[in-house]
Amino acid sequence: MNRLHNLLYAGVAAVISSAALQGIASAEVTVLGWPGGSEETALRAAVESYNALPGTPAEDKVGLLFFNRDGFYDKLQADLAAGSDAFDINVIATYSIGRYAPFMEPVDLGADAEKVFGKPILETMQFEGKQYGVPTDLSLHFMYYRKDLIDALMADQGAKAKYAEISQKYLGKTLEPKAPDEWMWDDWAATALYFTKSVNPDSPVRYGTVLQMKNLLFNMMVFQSLPRAYGANWADESGKVTVDSPAYRAGLELYKKLYDAGATPKDSLSYEYPETNAAWVSGQVATALQWNAAASELMNPEKAPAVAEDTAIVAPPAGPEGRKDHIHGLGLGLNKNSKQKEGAVRFLKWLATEDAALTYAKAGGSPALAPSVVEKIAVDRPDLVKLGQFAGSYGYVMRGATSAKALSIYEVQAKEFTAYWAGQKSLDAALSAASQSMTDLLK
């Protein structure tokens, strides 16, 4: 009962189902995972597989714990700092390892881990030269698009003329439709406007895109590849904050232009990952910049029967500085205050094996796997092949985005940028406030 008492003391029990509590009570090793999406689905499948292994002793059985995405990392830090033993293993991310390392223990994943993931991917879970976790998911963004809609547009001369008219009216330039792999950000915007009913009554779908505009730090990770492609960074080499820049202005203004024109649903100011997926599977959206993890749902005929066969992916569009794609790793590491360290380490080592990684991937997870491993599931998970390609060619990390204050900076941006998109603040006011807060955080 001590573990459940600690959980209640941490103030998170209210968001955990009774079924989850029963699962924790009957298990010896408890894993606090990332809630929602394919990461939760894949982790559940991996745990089920591990618990069913003939050689898994009763004391190693694993239970799962999840709490709300909003404020997740603040809750986690509070629990770790308080010395909670409510979980033995907890989720970590590239941008948060430095924040949590004092409350965690490094782990030895064994010599074969590098053969499964490759050295660069293992390094996404390292801090000061020590391995703090198993890299379960590599996160970046795909531009999802409806290839049936794009093919029809490219083959219709009348549609091309309408496209040119719309791009001139809304973007101030006459553009021609291009293949998605050739898109600049303006080409994507013009395409989104063309496939918007309120802009083009002849559009076969209601919305040209779906933007994640909720005041949520993770939405800033999705958004920032746009200004990054225009040369944006959080700070210059001297450490001076540079968010108030032409590059960030261009990105913020483009999002607002699409929102104001109705190219994304009006309630997009409350949208994040699940709402974007729901909009896509409805069949009423032409493009979406979304996490790679969504591919296992959006391209699955059973989960998205109306659109899966017509859904395709490319890297995010290019800007003056080329194509850019935000990248970070999610993983699982060892809580220093765990009372079940031996069992927890055995589970973490198993997660770093090829069999476990393939189980996780087959269930919809997004591990970045070595070429010899990923080829074994390339037919079923072509997105994982793209994952490695895009990460290597376009992946970036903003200057300061691995600092102890990185999550707070994303939160500041979410607050100020959403206020601008919602019309609550001017662009100047939002950027000024963000710049001042980021300067204080990066001192």
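Analyst: Happy to. Helix 3 (residues 37-52) packs against helix 16 (residues 341-351) with the axes 11 Å apart and an angle of about 115 degrees. Helices here are DSSP runs of H or I with at least four residues, numbered from the N terminus; axes are lines fitted to C-alpha atoms over the stretch in contact, with angles running from 0 to 180 degrees between N-to-C directions. The angle therefore makes helix 3 roughly perpendicular to helix 16, a term that covers 65 to 115 degrees.

A word on the source: this is a predicted model, where local features need pLDDT of at least 70, side-chain atom pairs count only at pLDDT 80 or more, and totals for chains, interfaces and linings use all residues. Residues are numbered from 1 along each chain as its sequence is written, and side-chain values use heavy atoms, leaving out hydrogens and water.

Back to the pair: the crossing of helix 3 past helix 16 is right-handed, meaning that the near helix is turned clockwise from the far one by less than a right angle. On the helix 3 side, Ala-46, Val-47, Ser-49 and Tyr-50 meet Gly-343, Arg-346, Phe-347, Trp-350 and Leu-351 of helix 16, where contact means heavy atoms within 4.5 Å. By class, this contact of helix 3 with helix 16 has six nonpolar, two polar and one charged residues. Ala, Val, Leu, Ile, Met, Phe, Trp, Tyr, Cys and Pro count as nonpolar, Asp, Glu, Lys and Arg as charged, and the others, Gly among them, as polar.

For another pair, see helix 9 (residues 157-171) and helix 10 (residues 185-194), whose axes come within 9 Å and cross at roughly 110 degrees. That makes helix 9 roughly perpendicular to helix 10.

Terms used: Helix = DSSP H or I, 4+ residues; strand = E, 2+ residues; numbered from the N terminus. Parallel < 35°, antiparallel > 145°, perpendicular 65-115°, else oblique.
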